[in-house]
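Reader: I am new to this structure and would like to learn to read its features. Could you take me through them one at a time?

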Amino acid sequence: MTSVDVHIGAPGPRPTPPTQRRSRASWHAVANAVVLAWLALAGVAALTHVRLPAPEWLVIHVFLLGAVTNAIVTWTEHFAIALLRHSEPAPWVRPVRLAALNTGVMSVLYGGSYGPVHLGVAGAAIVVGVVGWHVGILAAWTRRALGGRFAHVVAWYVCAGVALVAGGTLGGLMLAGWPPGIGTTRLEAAHLHINLLGWVGLAVLGTLFTFWPTVLRTQVADGSDLIARRSLRLAAPGLVVTVGGFLGGVRWVAVAGLLLYAAAAALALVPFLRTARRRRPHTPASWMLAAGTVWFIVAVVTDLSVVATRAADQVADAIEPLVPFILVGFVGQTLLGALTFLLPVVLGGGPAALKRNAALLERGWIVRVIMVNIAVPLVVLPVPARVSQVAWALVLAALGAFVVLAAVTVFRARGPHVSPSVGGVVVGVLATALAVAVALSGGPGVTTQGGAGATTQVGTGVQTVEVTLVGMRISPATIKAPPGTRLVLRVTNRDAQQHDLRLATGQQTPMLGPGQTATLEVPPLTGPIDGWCTVPGHRAAGMTMRIEVAGAAAGSGGGEETGQAPTDHMDHAASGPLNLAASMSPGWRPYDATLRPAPGGTEHEVEIRAVQKEIEVAPGVRQRMWTFGGTVPGPVLRGKVGDVFTITLINDDTMGHGIDFHAGSLAPDVPMRTIQPGERLTYRFRAERAGAWLYHCSTMPMLQHIANGMYGAVIIDPPDLAKADREYVLVQGELYLGEPGSTGQVAKMHDGRPDAWMFNGTAAGYDHAPLTARPGERVRVWVVAAGPASGTAFHIVGAQFDTVYKEGAYLLRPGGDGGSQVLDLAAAQGGFVETVFPEPGHYPFVDHDMRHGEAGAHGIFEVTR
């Protein structure tokens with residue numbers, strides 16, 4: 001039987017000259033062997049990267065840049081020739097393109113992982129150039145072709161190629177660390193989306209218009225051509241808007257672009273569903289393609305929800321855990337489904353050979369498909385580590401089985417049309433395997449070192465060091481290695497809150513949740529390198545490490561020589577003391593100190609949002625503070641003994657926070673846990689005892705979180721509390737000027753050197769907005785000392801207290817002979833005092849520890865008739 005071209009979705013085949021058929025068969029055998037080699041190496045890298053210096057970044061790019069890019073370039077050309085009825089390219093085009101593409105891929109893998117970085121950048125340029133060349137050829141064919149019913153599909157391939165050119169350019173820029181004005185996380189988010197949704201997504205969606213009916217052996221659905229054109233007109237602009245939103249740091253622009261892309265994908269899949277209703281999947285290839293398409297839909301919806309709920313600078317970190325899920329569920333299954341159908345076709349040999357090869361390739365396909373699709377959600381969901389390992393084992397077993405069957409199928413193929421290709425297949429597989437094996441190994445001398453001690457000494461060559469983040473410490477704190485050593489740091493967060501690791505040379509892990517791991521590749525050592533956690537305040541709290549060159553004199557890891565980031569800027573007060581007598585800024589409003597009666601009922605539901613906000617903390621001085629509800633202190637809660645409070649904490653900040661209510665008594669494990677940006681928790685407690693209680697952030701280091709404003713008061717009335725004419729609440733805290741979490745600010749906290757003391761978030765604020773009363777009124781003042789280090793000796797100048805209630809007990813009641821002059825509270829204590837002002841006038845209130853009082857802990861009661 002004469003072999004024919006496969007015209008995807010076309011009415012019938014077109015005979016091809018025997019010489020051209022043999023040449024094409026030989027070419028496809030080599031090209032598919034290269035794809036299989038990359039697939040095999042991706043599986044090996046995924047299997048071994050737990051112990052060898054093959055980071056997840058490298059594993060992903062072996063699969064996407066190696067296997068998937070080779071497959072897309074090869075098959076989009078093949079389909080374009082069939083759909084456009086175009087002649088074959090010149091004989092030299094394909095081998096030159098294959099060699100150049102894989103040279104570029106291997107340069108990216110090696111240079112991006114082990115250096116020099118310029119090699120990786122050059123490799124990215126080669127890949128971009130090869131795909132740009134490929135896109136130019138397809139575009140030229142489209143203009144010159146005779147056309148056909150399905151010629152419009154090639155436009156999808158052209159747009160997909162343009163996406164890869166843009167995505168590869170962004171990847172090269174990230175490797176080069178340029179441009180400096182755009183954060184790496186923005187570039188990474190744009191890079192991920194334009195490559196996965198553009199290069200892969202557009203190529204797959206375009207192909208499905210004709211390939212899906214071909215796999216199902218049925219006709220193309222009516223109207224597919226019109227839908228294909230319309231959906232591409234939505235998808236391409238949607239990607240452009242999405243990428244622009246990420247690069248510009250505008251989340252809602254990116255969301256709008258993704259919505260447009262999702263609408264385009266939904267429209268493009270209408271013919272897919274119509275065809276599936278007419279003839280359901282019934283072959284291994286069709287089931288794999290169907291499963292891959294379902295996971296594509298899930299991936300787009302999940303991605304959209306993540307982007308809509310994260311700041312632009314956080315999207316890359318949030319999306320990164322989903323990448324393996326997208327690769328396995330969508331990209332992997334689609335690629336394997338396509339190869340399952342296409343490999344027997346291109347190997348040819350007549351109907352008998354086609355059936356024989358297909359039967360071999362499809363062995364155990366049901367088990368393999370079930371294994372993969374059970375594993376897909378488990379690689380993303382927060383399951384125990386052992387379950388995740390089993391899931392990955394299922395994925396790798398399915399992939400390994402396919403690669404072995406495909407290799408056997410290719411090598412077993414016989415016939416005059418493929419015999420010239422056998423040598424090419426062997427050369428292609430071995431050359432690619434050898435080159436990538438070298439890239440994965442990183443050269444001689446690869447060892448793995450533990451990181452449990454304070455100092456770790458390693459040898460030469462490529463060295464893997466296990467680094468642990470836990471308890472506000474990085475372990476090992478010091479790594480010593482000979483000059484020229486290439487370090488691979490496997491960084492694992494063993495803490496309950498998020499951390500990351502940044503090196504002075506620019507490498508940085510994503511923000512790691514509890515139990516997560518990332519890998520950093522350090523350039524060959526020439527000098528000391530500092531590292532630290534970038535979560536605000538964590539560096540100053542001691543989360544630092546240092547890489548030292550063994551045998552070199554210990555020197556500063558800072559400065560330009562090692563790429564050290566500039567020293568954290570010091571505190572505002574370095575230029576001199578605050579002018580507390582100056583005027584407050586126009587528009588300033590004081591914290592409302594009025595304490596309103598407890599609300600009715602016994603159930604109180606409150607929502608509090610953790611958010612950073614710039615606040616005027618002293619006359620003319622504004623400071624970015626970490627807050628509950630946008631104020632310092634946070635909202636005051638009030639109730640009675642026996643009342644139940646249900647607090648919903650929502651983290652709208654860019655760092656983790658928790659909350660601790662001293663007014664409740666319960667195990668802190670769950671309600672006081674740290675929640676990450678975008679998360680929420682419910683904290684429910686019953687007020688069993690009266691008092692003036694503190695609440696504060698429970699996230700470590702608590703010293704910094706409290707000192708930067710994350711505190712508030714809960715007032716639980718004593719059962720016999722008499723009525724007062726006026727009630728106020730004053731929460732005293734310390735003010736530390738400077739960038740929150742900076743080295744200079746935190747040093748002052750540890751030394752106990754506040755720049756000022758505040759009542760209700762502003763030093764001397766109530767000098768400028770006095771509290772009011774009338775002569776003869778009973779005034780009750782609740783006071784809570786938030787600290788975090790110092791208490792208060794609360795005193796009202798010119799007044800005496802006839803009632804003192806401290807820490808749940810009355811020390812003085814009206815009607816006796818005694819009086820009180822001060823309510824003394826240690827940090828985190830609370831109570832109230834009552835007084836009656838005898839006549840009109842201005843009555844200052846102060847912390848009578850004059851160091852505090854003269855440094856901002858003062859205000860005025862203005863008593864008028």
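Author: Start with a charge and a ring. R813 lies over the face of Y810, 3.7 Å from the ring centre. A charge sits over a ring if NZ of Lys or CZ of Arg is within 6 Å of the ring centre and within 35 degrees of the ring normal. One caution before we go on: this is a predicted model, where local features need pLDDT of at least 70, side-chain atom pairs count only at pLDDT 80 or more, and totals for chains, interfaces and linings use all residues. Residues are numbered from 1 along each chain as its sequence is written, and side-chain values use heavy atoms, with hydrogens and water left out.

Reader: Which ring does the charged end of R539 sit over?

Author: The ring of W532. The distance to the ring centre is 4.0 Å.

Reader: Back to R813. Which side chain does R813 meet in a salt bridge?

Author: First the rule. A salt bridge is a side-chain nitrogen of Lys or Arg within 4 Å of a carboxyl oxygen of Asp or Glu. Here D720 meets R813, at 3.1 Å from N to O. D720 lies in the loop between β18 (711-717) and β19, and R813 in the loop between β25 (809-812) and β26 (823-825), so the pair ties together parts 93 residues apart in sequence. Helices (H or I, at least four residues) and strands (E, at least two) are DSSP runs, numbered from the N terminus.

Reader: How do I read the accessibility of D720?

Author: Buried means under 20%, exposed over 50%, and partly exposed in between (1.4 Å probe, protein chains only). D720 has 45%, so D720 is partly exposed. R813, at 43%, also counts as partly exposed.

Reader: How many salt bridges does a search of the whole structure find?

Author: The search finds 25. One of them joins R684 and E603, at 3.9 Å from N to O. That pair links distant parts of the chain: R684 is in strand β16 (residues 680-686), E603 in strand β11 (residues 603-618), 81 residues apart. R684 is partly exposed, at 47%. E603 is partly exposed too, at 47%. Salt bridges can also link up: R638, D717, E727, R778, R780, D802 and E834 form a network.

Reader: Now the aromatic rings. What describes a pair?

Author: A pair of aromatic rings is described by the distance of the centres and the angle of the planes. Rings of Phe, Tyr and Trp (its six-membered ring) pair if their centres lie within 6.5 Å; planes under 30 degrees apart count as stacked, over 60 as edge-to-face and the rest as tilted. A search of the whole structure finds 26 aromatic pairs. Take W92 and W133: their ring centres are 6.0 Å apart and their planes are at 20°, so the pair is stacked. W92 is in the loop between α2 (56-84) and α3 (93-114), W133 in helix α4 (residues 117-144), 41 residues apart. W133 is partly exposed, at 30% relative accessible area.

Reader: Which residues form one aromatic cluster?

Author: Y728, F759, Y766, F794, F801, F837, Y843, F845 and F861.

Reader: What does the backbone show at P476 and P701?

Author: Look at omega. A cis peptide bond joins S475 and P476, with omega about 0°. P476 lies in the loop between β4 (473-475) and β5 (478-481). Another cis bond joins M700 and P701, with omega about -5°. P701 is in the loop between β17 (691-696) and α17 (702-707).

Reader: And phi? What is the value for A764?

Author: Phi of A764 is near 65°, a positive value in a residue other than glycine. A764 lies in the loop between β20 (756-759) and α19 (765-768). A764 is buried, at 0% relative accessibility. R85 also has a positive phi, near 55°. R85 is in the loop between α2 and α3, and is partly exposed, at 41%.

Reader: One last residue. Is S742 buried or exposed?

Author: S742 is buried, with a relative accessible area of 2%. S742 lies in the loop between β19 (726-735) and α18 (743-751). The side chain of S742 reaches the backbone oxygen of E739 at 2.8 Å.

Key
Polar contact = N/O pair within 3.5 Å; in protein donor to acceptor, adjacent residues only side chain to side chain.
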